[in-house]
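Open the model in your viewer and keep the selection panel at hand.

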Amino acid sequence: MPSIVPTFVWLEGLAWTTALRESPYGYPLIETSHVASIVAFAGLVIMMDLRLVNLAFTSAPLAQFQRRLFPWQMASFVPSTATGILLFCVDPLRYYRNVLFLAKLVFLALAGLNALAFHLKTYRRAEGWDEDPEIIATARLAGAASLLLWSLTIVSSRLIPNNWFK
Amino acid sequence: MLLPFFEWCDGLAISQAYRDSTYLFPLTQALHLLAVTVFVGAIVIGDLRMLGWGPVGQSRASIARSAQRILLWAGLAVLVTGIPQFTTNALTYHRSWLFVFKMYLLAAALLFTVTVRQRVSVADDGRLPSWVPKAVGAVSLALWIGVTISGRLITYYG
């Protein structure tokens, strides 16, 4: 199987990635923007999850609450993804073997799949979520899984600089 | 002026335990970020509602009351995980202008949240001129974004 390392070496050697890596402001500002946008995004996702598991905002109808929050979740998801990709491009060789970074990606992917599965299951029945026991049960399960996966994503993100498992 | 206090923090047994452990400090940092995330989520949802965005199907007061409990528990977790981080590096923070700036901003944000924001967010819809909750939501968002960003920048420029 061809190695991906030469691609990362090439990426790391590009003029713009080198400039960002060596700039006293480039990396810190991208990283800070990444943290700020992912905190906003995950924070809003967690608010939705708390509604799904019926622990908060219980007077708000599920489907309506989801519909109103979704654009704001996306508004913070786009910059968090863009800055995340940029961070990886600036220092790919540092990240690709980092177990905690890979764990973060796995948790992110699982959180995305969980959200997708929930939407596919409930998409055709956008109204009447709050009366349908099957959707309420699915919502609780999806909300609990999402809470767990986003918590693990945030925790593993913050642990990446430690690179404990070399 | 506060140097003796910072030195006392630095000398605490818990600070030494954190400095001696490979895992304690990073794990506390990670839990701190998780608590901050939940706290920010509860602030943002309330501020969006005050700005007339987000969950507008519910009243401002209903969103604010539900968010309050989350703010309280998440705020407590932020504090519990933030204190040992501070005491462990107290002497470094004593020299950090960015840390001092963050603390002033945090004090302003907390004061604003428990006074002005609290009163406006639970006021019945229509009781206040429409620009008031919008202005309060905007100021609150700006303050908490400032706290989050300055906190992160301490790592680089503190």
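Select chain B: along the sequence its pattern is α-α-α-α-α-α-α, that is, seven helices and zero strands (DSSP runs numbered from the N terminus, H or I of at least four residues for helices, E of at least two for strands). This is a predicted model, in which local features need pLDDT of at least 70 and side-chain atom pairs count only at pLDDT 80 or more, while totals for chains, interfaces and linings use all residues. Residues are numbered from 1 along each chain as its sequence is written, with chains lettered from A and ligands numbered from 1 in the order in which they are written.

The C-alpha trace of chain B spans about 55 × 30 × 25 Å along its principal axes.

Next, select α3(B) and α4(B). Their axes lie 8 Å apart at an angle of about 155 degrees (lines fitted to C-alpha atoms over the stretch in contact, with angles from 0 to 180 degrees between N-to-C directions). The two helices are therefore roughly antiparallel (an angle over 145 degrees).

Now go to the largest nonpolar core, which has 59 residues. Such a core is a set of buried Ala, Val, Leu, Ile, Met, Phe, Trp, Tyr and Cys residues joined through C-beta atoms within 7 Å; buried means 20 or more other C-beta atoms within 10 Å of the residue's own, with C-beta atoms placed from the backbone. A:Leu44, B:Phe39 and B:Ala42 touch the most other members. α3(A) gives the most to this core, with 14 residues.

Conventions. A residue is buried if 20 or more other C-beta atoms lie within 10 Å of its own, exposed if 12 or fewer, and partly exposed in between; C-beta atoms are placed from the backbone. Angles under 35 degrees count as roughly parallel, over 145 as roughly antiparallel, 65 to 115 as roughly perpendicular and the rest as oblique.
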